[in-house]
4 protein chains.
Amino acid sequence: MMQAALRVFSEKGYHAATIRDIVDAAGVAVGTFYFYFPDKETLFIYLYEETAEFLLQAMAQAVAGKATLERQLAAGIEAFVNIAVYEPAVVSLLQGEAESVPVLAERRAALRETQVSTWQRPLDIALDRGQIPPQNTRRTAEALTGAFDEVVRNLLDQPEPRAEASAAATDMTHFALRAVGLLPLPTTSDDPD
Amino acid sequence: MMQAALRVFSEKGYHAATIRDIVDAAGVAVGTFYFYFPDKETLFIYLYEETAEFLLQAMAQAVAGKATLERQLAAGIEAFVNIAVYEPAVVSLLQGEAESVPVLAERRAALRETQVSTWQRPLDIALDRGQIPPQNTRRTAEALTGAFDEVVRNLLDQPEPRAEASAAATDMTHFALRAVGLLPLPTTSDDPD
Amino acid sequence: MMQAALRVFSEKGYHAATIRDIVDAAGVAVGTFYFYFPDKETLFIYLYEETAEFLLQAMAQAVAGKATLERQLAAGIEAFVNIAVYEPAVVSLLQGEAESVPVLAERRAALRETQVSTWQRPLDIALDRGQIPPQNTRRTAEALTGAFDEVVRNLLDQPEPRAEASAAATDMTHFALRAVGLLPLPTTSDDPD
Amino acid sequence: MMQAALRVFSEKGYHAATIRDIVDAAGVAVGTFYFYFPDKETLFIYLYEETAEFLLQAMAQAVAGKATLERQLAAGIEAFVNIAVYEPAVVSLLQGEAESVPVLAERRAALRETQVSTWQRPLDIALDRGQIPPQNTRRTAEALTGAFDEVVRNLLDQPEPRAEASAAATDMTHFALRAVGLLPLPTTSDDPD
DNA sequence: CATGAATGAGGGTTCATTCAT
DNA sequence: AATGAATGAACCCTCATTCAT
């Protein structure tokens with residue numbers, strides 16, 4: 001039933017999705033919904049957090065083992081793209097309308113905050129080590145977060161997202177590396193790519 | 001009255017905003033709304049397009065006169081930040097929920113498309129001239145668009161957006177210059193900054 | 001303006017016709033309407049009575065000079081058909097929805113009453129003179145009224161009412177003469193029946 | 001609930017009848033109405049057709065077994081009067097305002113058509129057999145339909161319709177027999193009534 | 001546990017009516 | 001006299017939520 005709810009919410013958005021839509025998609029009765037969830041908003045918030053955690057965990061885990069910022073970015077981006085491509089509903093839900101319901105705005109902010117932190121931490125470390133030029137890492141992290149979101153959004157608007165997924169990930173990684181201040185040189189000399 | 005509508009829509013989003021909210025904010029009666037606009041959706045679309053055009057025009061104009069990609073980015077970003085800071089409703093409206101109403105989804109896509117083009121064009125030129133490293137300019141443009149949006153969104157969440165506006169613009173510009181592949185040199189040798 | 005109102009009311013019916021429809025058709029402003037008439041209902045009632053009187057006068061006048069019941073029926077029917085054909089709006093208004101507005105129901109009843117009287121009086125005289133068989137003249141008059149209304153309604157539904165007008169009048173007259181009990185003879189002679 | 005709707009519609013007419021009126025009369029809540037019916041118009045059409053079919057069936061059935069035109073008229077009229085007297089709402093609904101809602105106009109026309117056919121068919125047969133004088137049977141059928149409607153309408157306006165029902169039926173039958181061209185003879189000789 | 005009929009607050013929209021100009 | 005912008009009660013309809021079965 002939560003599967004159904006996730007699908008419906010991500011397709012229609014919070015407001016346009018009706019309880020009836022959800023229970024129909026789940027093949028149960030309205031009453032059943034209210035046996036498991038107190039109300040629509042609570043379900044959405046639960047779904048939102050569940051989903052956000054899933055995405056963040058996946059990215060955090062991908063980033064975790066990597067030694068260099070370069071590898072961290074590559075891995076995090078890949079994880080994001082993979083989820084976007086194989087679980088598009090997850091990304092749609094998180095990117096969809098989440099304002100206009102006060103409580104949701106908070107969750108949304110919290111998600112963004114964590115997403116930003118995911119990138120800011122490695123950046124701070126790299127900055128400390130002098131691997132990247134001086135910069136406002138918070139702002140850079142925000143910018144990266146927004147950049148990734150937007151590219152993924154566009155990717156999912158394509159007719160065949162999977163076909164372009166890996167190219168998109170590569171492009172995003174290169175973008176990120178440049179944006180962060182790493183690797184401007186490698187591209188110049190005798191790099192065939 | 002359109003002022004009021006813009007405000008209400010940008011604060012609550014399309015669905016949560018009520019005709020009553022709007023007319024109350026405008027200090028008129030319900031009927032007055034329908035005297036000037038055929039319905040809620042039409043007004044929102046109108047407002048959305050008007051607003052989108054305003055933002056895009058401002059950015060395009062800022063970019064127009066500039067000779068170098070560096071200056072174009074700086075000017076475009078500055079224009080964006082200025083609007084965000086002085087007309088926050090404009091940005092909120094454009095960034096708010098616009099899905100779930102079919103017609104709106106189209107407008108939204110169109111806006112994004114134009115926004116992306118605003119950056120892709122200069123990038124293509126710079127690429128031709130060998131001023132930036134080889135890259136998928138379309139993807140870079142998307143990423144920049146998302147990056148700017150996100151940073152501005154965060155800026156507006158601050159208690160005093162105006163205080164940080166210019167710092168944010170500077171940060172974004174640096175981010176963009178790096179992301180695009182300009183400025184690799186200054187960072188290397190004996191840069192005092 | 002009353003012309004316009006008559007037209008609009010007869011085309012759309014009382015409820016579906018809006019003040020705006022009427023003033024648009026008349027080429028004046030809404031305020032002007034309320035300068036001349038206190039409200040929609042009053043106008044309709046006025047129009048209804050005016051119109052009813054016009055129709056009844058015409059029929060009464062046609063009937064007036066005639067000596068025999070036969071001629072009276074023929075003349076009254078002809079008058080009715082003529083009005084229906086040359087001023088269809090008059091008939092439409094009178095036959096259209098007039099219930100559901102309490103005051104209108106009364107007028108409607110009054111009109112029917114007078115219409116019925118128009119036929120009952122001559123019938124009573126003819127009955128007195130033994131020209132028609134014994135019958136409940138009130139009921140006969142009602143039936144004739146309904147019969148004429150219905151035939152005229154059907155006539156106006158035709159694509160070219162005028163083309164059939166005279167045939168319809170003749171048919172109605174024959175119907176009425178038979179229904180009243182006149183003309184049994186013509187058919188008898190050598191008709192085996 | 002459909003009982004209530006029938007009652008309300010027949011009393012107030014389509015436009016003046018409110019969903020609230022109907023649900024109040026039925027003792028349920030607004031939502032309940034929309035749980036059973038898609039909307040006001042659909043319910044009205046359904047009711048109208050149901051009701052029309054009921055009336056037409058009853059008349060057709062009454063007419064069916066009868067051998068002579070005389071008996072057919074008597075039986076059809078009796079059936080009509082009975083329904084009018086015992087289910088006045090049925091007749092009111094069918095005679096009430098049904099214009100101004102395009103779809104309804106069609107149904108109304110269809111009802112009238114069938115009603116007319118109910119009488120035209122027997123008339124054609126009788127005409128073929130030479131039992132009634134030459135006449136435009138279509139027009140005669142229209143006239144009879146209108147006559148019956150009107151007499152019934154007047155009957156229902158009486159304080160005690162049931163008291164007069166049988167007299168009305170008799171009067172209508174006599175009227176119809178004369179109007180059709182039957183029975184001119186019986187009335188002449190020494191028949192006291 | 002599950003059901004789905006029932007509820008009614010609330011939303012978008014219409015339109016008769018008013019009144020300052 | 002005439003205008004038309006402004007009003008707001010009232011309408012139709014939706015949908016989150018409840019509760020008896």
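**Close-up views of the predicted model**

**View 1. The fold of chain A.** Of the contacts in chain A between residues at least 6 apart in sequence, 64% join residues at least 24 apart, two residues being in contact if their C-beta atoms, placed from the backbone, lie within 7 Å. This is a predicted model, in which local features need pLDDT of at least 70 and side-chain atom pairs count only at pLDDT 80 or more, while totals for chains, interfaces and linings use all residues. Residues are numbered from 1 along each chain as its sequence is written, and chains are lettered from A and ligands numbered from 1 in the order in which they are written. Chain A has 9 helices and 0 strands (DSSP runs of H or I with at least four residues, and of E with at least two, numbered from the N terminus).

**View 2. The surroundings of DNA strand F.** DNA strand F is surrounded by 28 residues, the closest being Asp39(A), Val28(B), Gly31(B), Gly31(C) and Asp39(D); a residue is near the strand if its C-beta atom, placed from the backbone, lies within 6 Å of it. Among the elements that give two or more residues to this surface are α2 (19–26) and α3 (30–36) of chain A and α3 (30–36) of chain B.

**View 3. The contact between chains C and D.** In this view, 35 residues of chain C are in contact with 35 residues of chain D. On the side of chain C that touches chain D, α1 (2–16), α8 (137–157) and α9 (161–180) of chain C each supply at least two residues, and α8(C) gives the most, with 11 residues.
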